[in-house]
Amino acid sequence: MDAQYKPHETERDAQQFWDENQCFKAVEDASREKFYCLSMFPYPSGKLHMGHVRNYTIGDVVSRYQRMQGKNVMQPMGWDAFGMPAENAAIQNRVPPAKWTYDNIDYMRRQLKALGFAYDWSREFATCDVDYYRWEQWFFTQLVEKGLVYKKMSTVNWDPVDQTVLANEQVIEGRGWRSGAQVERKEIPLWFLKITDYAEELLADLERIDWPEQVKTMQRNWIGKSRGIELTFDIKPAEGSGLEAVQGPLAVYTTRPDTLMGVTYMAVAADHPLAKQAAERTAALADFCAECARGGTSEAELATREKKGMPTGHVAVHPLTGREVPVYVANFVLMEFGTGAVMAVPGHDQRDWEFATRYGLPIEPVIADENGQAPDLSQGAHDDYGVLIHSGEFDGLAFEAAFDAIAKRLEALGRGVVKTNFRLRDWGVARQRYWGAPIPVKYGPEGQTVPLTDEELPVALPMEVTVDATGSPLKRMPEFYDLGDGWTRETDTFDTFMESSWYFARFCCADNMEAMLDERVDYWLPVDLYIGGIEHAILHLLYARFFTKLMRDLGLVKSDEPFQRLLTQGMVIAETYSRPTHNGGKEWFNPADVEVKRDEKGRPISAVLASDGQPVEMGGIEKMSKSKNNGVDPQSMIDRFGADTVRLFMMFAAPPEQSLEWSDAGVEGASRFLKRLWRLVSEHLAAGEPGTLDLGALDDAQRELRRKTHETIKKAGDDIGRRTTFNTAIAAVMELTNALSKFEDTSPQGLTVAREAVEACVLLLAPITPHACHTLWQELGHDEPAIDARWPQVDESALERDSIELVVQVNGKLRARIEVEASAAKDAIEAQALAAENVQRHTDGKTIRKVIVVPGKLVNIVVG
């Protein structure tokens with residue numbers, strides 16, 4: 001074989017072999033155990049980034065490993081292609097979004113293929129393909145018939161630049177997450193899916209899936225099941241306010257009825273009917289309500305926002321005591337959460353305390369501290385549970401007893417009822433943008449709203465469209481929306497989360513042009529391992545779970561959950577470098593353009609820009625991003641080192657759940673290791689032909705290498721298959737190659753043991769560096785390609801040792817290491833440990849109180 005490793009030739013030849021032999025085409029086979037491995041499909045933004053490479057390499061390593069276990073593996077790839085970035089790019093580059101998207105897909109597909117990922121490309125689709133979203137449109141019409149869809153006026157976050165609705169999480173400090181425009185609160189008609197009908201099941205079924213606990217907790221909190229009381233306060237105008245009486249009481253929902261006696265004011269949202277009525281008479285209040293409408297509504301922002309409010313001129317009457325408390329409009333209350341009103345207990349809620357402190361409202365304790373005393377409220381609220389005080393007949397009750405007693409009293413008075421509430425809200429699926437799947441609904445001349453029939457589907461999105469910043473062009477295209485006879489077509493498009501909520505199922509039968517799904521979906525689902533970033537923990541993953549239950553209830557799938565196991569990979573991070581600009585901003589420089597001076601321990605101490613030699617500021621290590629210009633182009637690394645080197649570094653640098661710090665030196669180290677592995681195989685082949693393994697004739701060195709080989713097989717299999725800690729599997733193989741490098745026995749028996757070790761190295765690395773291992777496996781004389789080879793089997797007898805090394809401690813401190821027979825009795829081990837020279841030095845003249853033997857590990861001698 002060629003003694004020199006030539007990665008680009010090796011990778012070209014391996015990929016050609018895989019393509020010609022359709023090695024990764026998945027076909028259903030009921031006689032074989034399946035394994036469906038899926039990485040979250042990418043948005044076709046133009047180029048892969050290192051986060052993509054890491055995500056997809058993890059999936060590929062697992063897929064190839066599971067194939068080596070004999071499983072029928074499917075690993076598909078597609079494109080999450082709709083969304084605003086394509087529109088924004090189209091505006092910038094003056095091209096239709098479709099052309100920009102499909103050009104990007106072509107380039108990114110070539111990049112993925114260059115990395116050697118084992119994808120079944122026959123299943124590929126983009127969500128902007130009409131053959132894909134036409135089934136989403138059909139599915140929507142079925143949900144309409146089932147009563148799981150409705151349209152209503154809704155107050156939304158409106159981005160006046162992007163001309164679309166934003167989710168609360170897309171409003172950052174009152175501005176749109178993409179445009180940066182000041183967000184407005186606006187009331188428009190929107191389509192909703194009834195995800196709240198599935199809240200209980202979505203919560204309960206979290207116990208049935210193997211997901212990181214952090215992700216489950218985030219979904220539990222988002223669903224937000226709570227037990228509380230919905231109660232009412234009578235409302236009347238405050239004396240001298242001149243306001244008219246209002247119709248009906250003010251309803252609030254609370255999970256802390258034990259604090260009811262501490263209510264000192266009420267707060268309502270700016271768009272609550274009570275606030276609107278009061279604002280009609282007070283210009284200042286109207287201005288304040290308008291100011292609230294411009295604010296963001298994400299929970300993080302509400303928590304940190306300065307608490308502001310204005311009195312409405314009304315008072316609320318406490319349902320148990322008759323006490324009158326003022327009613328404020330407050331910027332921390334949202335109409336879409338609960339009833340749009342809250343009872344404020346500043347003694348026991350920090351948000352209420354901050355507001356009360358600002359406006360001089362009473363702050364009264366009604367829950368005792370841990371000492372049974374009134375808590376100190378001078379510096380903040382006391383929000384712990386405890387025994388009630390200053391609460392009349394309820395004094396002395398703990399939370400549960402107080403909850404029940406107060407609920408009983410309110411129910412008897414007709415002023416309250418115990419309720420289970422969910423924080424989860426129905427999913428608004430309409431977007432006022434062009435680049436999305438058209439919503440399949442038409443409107444009649446007499447106000448009819450009618451879902452389209454099967455014959456009217458699909459509604460194809462016009463592709464050759466010029467997009468500008470003035471909103472959706474569909475609204476200006478009568479050839480699209482005007483159906484004649486007074487009928488018009490809906491011009492809103494689906495939220496792009498709709499497409500990503502069922503793509504995993506479509507991969508199972510992407511060639512079926514006659515149905516959304518077919519029976520093959522029940523062979524493949526659920527996905528056995530799903531891989532992606534934790535930033536998708538709530539929206540995408542929750543919606544995918546919801547869609548799976550919808551598809552199940554429509555008889556399309558049998559699975560209750562889409563993804564049985566979830567792996568959330570960490571970020572890829574790198575150093576950042578910048579200089580201040582004249583306008584107070586920063587200009588960021590790519591690490592490749594910066595020269596760093598380091599101290600003797602390798603720590604950076606200063607940096608200069610290579611082009612001008614002038615200093616740059618070191619900003620620390622952050623996630624690779626365009627904004628910080630600290631990304632590394634995967635293609636440049638592939639061109640320089642080859643795909644296997646990039647894959648090896650990505651898997652070796654950190655466990656998959658942790659952040660991976662980019663290191664040029666680490667990539668170079670991965671390259672050196674592959675060259676060493678190649679050379680190792682070449683030298684082994686040049687040393688001669690191995691003989692036939694004779695276990696009874698092995699000498700100590702041969703037995704030791706064979707033991708090391710099978711220890712490595714066992715560890716790597718567990719690390720990849722169970723723990724998904726690829727870095728430790730690679731480290732174990734590296735240790736085996738080191739042992740091989742020191743093994744100089746070229747006898748027939750020695751070469752036989754070495755051949756077993758060399759082949760183990762190649763197969764254990766085959767999922768990680770598949771191109772090099774493809775060629776090396778051939779060079780080792782195998783007709784069967786490495787892609788079809790099975791994972792090496794552990795010979796348990798090879799793991800047996802004649803002797804083992806034990807650590808000897810005296811009072812917990814290491815004092816000696818001893819070699820004992822593997823079958824040595826406890827007494828013999830104790831005697832040998834006590835006889836060790838250094839142990840005697842530390843026990844001489846002392847009383848030996850106890851000798852503890854931990855089999856196979858250590859001996860601890862306790863002296864006094």
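User: In the hairpin of β24 and β25, which residue takes a positive phi?

Analyst: G584 takes a positive phi near 90 degrees, in a hairpin that has five residues between the strands. Before going further, note that this is a predicted model, in which local features need pLDDT of at least 70 and side-chain atom pairs count only at pLDDT 80 or more, while totals for chains, interfaces and linings use all residues. Residues are numbered from 1 along each chain as its sequence is written, and side-chain values use heavy atoms, with hydrogens and water left out.

User: Which strands do bridges join to β24?

Analyst: Strands of a sheet pair through backbone hydrogen bonds, either parallel or antiparallel. Here strands are DSSP runs of E with at least two residues, helices are runs of H or I with at least four, and both are numbered from the N terminus; two strands pair if DSSP finds at least two bridges between them. Strand β24 (residues 572-580) is joined by six bridges to β28 (residues 617-623), running antiparallel, and by four bridges to β25 (residues 586-589), also antiparallel, whereas two bridges join β24 to β29 (residues 660-661) in the parallel sense. As for individual partners, E575 is bridged to I621 in β28, P580 to K586 in β25, and I573 to E661 in β29.

User: Is β24 largely enclosed or left open by the rest of the structure?

Analyst: Buried means under 20% relative accessible area, exposed over 50%, and partly exposed in between, with a 1.4 Å probe and protein chains only. Eight of the nine residues of β24 are buried, so the strand is largely enclosed by the rest of the structure.

User: What is the order of the open sheet of four strands, and which strands stand at the edges?

Analyst: The order is β2-β1-β22-β23, with parallel pairing. β2 (72-74) and β23 (566-568) stand at the edges, each with a single partner strand, so one side of each is left without a neighbour in the sheet. Strand β22 (residues 529-532) pairs with β23 over three bridges, and the partner of G532 in β23 is T568.

User: How many disulfides does the structure hold?

Analyst: A disulfide is a covalent bond between the sulfur atoms of two cysteines. With a pair of cysteine sulfur atoms within 2.5 Å as the criterion, the structure holds zero disulfides. For C23, the nearest cysteine sulfur is that of C773, 15 Å away, and C23 counts as buried at 10% relative accessibility. For C128, the nearest is that of C509, 19 Å away, and C128 is buried too, with a relative accessible area of 1%.
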